[in-house]
Amino acid sequence: MTPRSILVAARLLTDATAPLINDAVVCVEGDTITYAGPRSSAPSWASTAEAVTDLGDTTLMPGLIDCHVHLCLDPASDADLNEMSSDHEALRRLMVANAGRLLDAGVTTARDLGSPGTLGTEVRDLLVTLPHATPRMLVANAPITVTRGHCWSMGGIADGVDEVRAQVRRHADQGVDLIKVMATGGFMTPGSHPSEARYTVEELSALVAEAHANDLPVTSHVLGTEGIERAVLAGVDCLEHCGWVTRTGTQYDPRIAAVIIERGIAVSPAMNTACTTEHYMCPWDERDAVVGNLRRLIALGAIIAAGTDAGIPMVHFERYVDCLDTFIDAGMSPRQAIASATEVAARVCRLEDVTGRLRPGLSADLIAVDGDPTQNIAALENPRFVMASGRPHAVRVRNADLNTGDAVARDRIRRNLEVGAGRHNTAPTS
């Protein structure tokens, strides 16, 4: 018989736009929601069920989605991506541990957008066999990149139209969920020049066509403005970062932004702890400019999906809410930020019929938090309860000292990133 469980809470938010329901119940059978609403209208068996979890004065809501993580990276390290470990067994262990940290943050679904070789698909398939709760993972394996391009050490190198098409087919054979392409350089790969486009429109168009022929969406790492335009013209499905980066700062282009909106291309800005006022260390421009560029996209009505780039230096998996805090600084309401982290992200991930809301027939991915997140997004910082695909997760309370290190460490990493990208002539600090 399929196991049944009942979750009771003072409040229920079934989706980002729904009114709060007081004295609420969620009924779960196996890994699926069968009811989510007022206790007074719950099915009759709910009142006699043995497995009842009373969550008290909390708000039950959909599990969160992180559209951009790197399970293979350690946020406590400041090594660049040319120094990736070749010990794949150690990396597998790290990836499984980081998946648990996602659940601690209330993230029940995530996209892993870069890991060496086929580690992404290997770990994705391993997680579903484990006896405890794990997040749902969508994986890209090694990002497709030019020779010596951003993340080249992960193994997805392809130069020219024919190699790009072949690399996409290779990824499809590996069983990836999406294709990640590095349309520009990146700050964590020295010499790859974040402001510079690395693929032509012809090459990117070939990549997109091959991916779509294999029913795979394409998301593109794009920091530089020229690379953003090329990715948009090529028809990618999602833009990661969309940083408007130049050699000397950022330069938002309203013409390109209008095409992003017109074509309905999603943007996952990868905002995170490094973008917050307290810990700001983004190497491409001042915070007002970075947040201001995002504010312009939000004001235009762009599709904005939450993603953190968790795993890069000082961006801890547990600090997911720093992304949503930055969205609010850029003009979102708490409900809009919640939508970006749930139903909007689910659509971007092609999972709108699986997760992102609490509805009968959808996966039992949910969290319980203190307070009312529709009024204060900080309510999401420390989930009291997490369930992924019907399995409860024993939440580890976040260490109050978990942060991005001291100012000296942040300054050292920022300087090293700038030097690695060739934006400054100052030598890295030690």
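1. Two strands are taken to pair if DSSP finds at least two bridges between them. In this predicted model, strand E11 (residues 238-245) is joined to E12 by three bridges, and the two strands run parallel. Within this pairing, Leu239 stands opposite Val267 in E12.

2. These strands belong to an open sheet of four, in the order E9-E10-E11-E12, with parallel pairing. Strand E9 (179-182) and strand E12 (266-268) stand at the edges with a single partner strand each, so one side of each is left without a neighbour in the sheet. On average, and with direction ignored, neighbouring strands of the sheet are turned by 30° against each other.

3. Helix H6 (residues 254-263) packs on this sheet, where it touches E11 and E12, and its direction makes about 170° with that of E11. At the start of H6, a side-chain oxygen of Asp253 comes to within 2.9 Å of the backbone nitrogen of Arg255, while just after the helix Gly264 takes a positive phi of about 65°.

4. Which residues of H6 are buried? They are Ile256, Ala257 and Ile260, and because they cover an arc of only 100° around the axis, they lie on the same side of H6. Pro254 and Glu262, on the other side of H6, are exposed. The buried residues of the helix pack against helix H5 (225-234), E11, E12 and helix H7 (287-300).

5. The largest nonpolar core has 104 residues, and Leu239, Ile260 and Leu324 are those with the most contacts inside it. Leaving aside neighbours within four places in sequence, Ile260 is in contact with residues including Ile228, Leu239, Trp244 and Val267. Apart from this core lies another, of 16 residues, among them Leu12, Val28, Ile33 and Ala36.

Terms used: Residues are numbered from 1 along each chain as its sequence is written. This is a predicted model: local features need pLDDT of at least 70, side-chain atom pairs count only at pLDDT 80 or more; totals for chains, interfaces and linings use all residues. Side-chain values use heavy atoms; hydrogens and water are left out. A nonpolar core is a set of buried Ala, Val, Leu, Ile, Met, Phe, Trp, Tyr and Cys residues joined through side-chain atoms within 4.5 Å. Buried means under 20% relative accessible area, exposed over 50%, partly exposed in between (1.4 Å probe, protein chains only). Contact means heavy atoms within 4.5 Å. Axes are lines fitted to C-alpha atoms, for helices over the stretch in contact, and angles run from 0 to 180 degrees between N-to-C directions. The arc is that of the directions from the helix axis to the C-beta atoms. A polar contact is a pair of N or O atoms within 3.5 Å; within protein, one must be able to donate a hydrogen and the other to accept it, and residues adjacent in sequence count only if both atoms are side-chain atoms.
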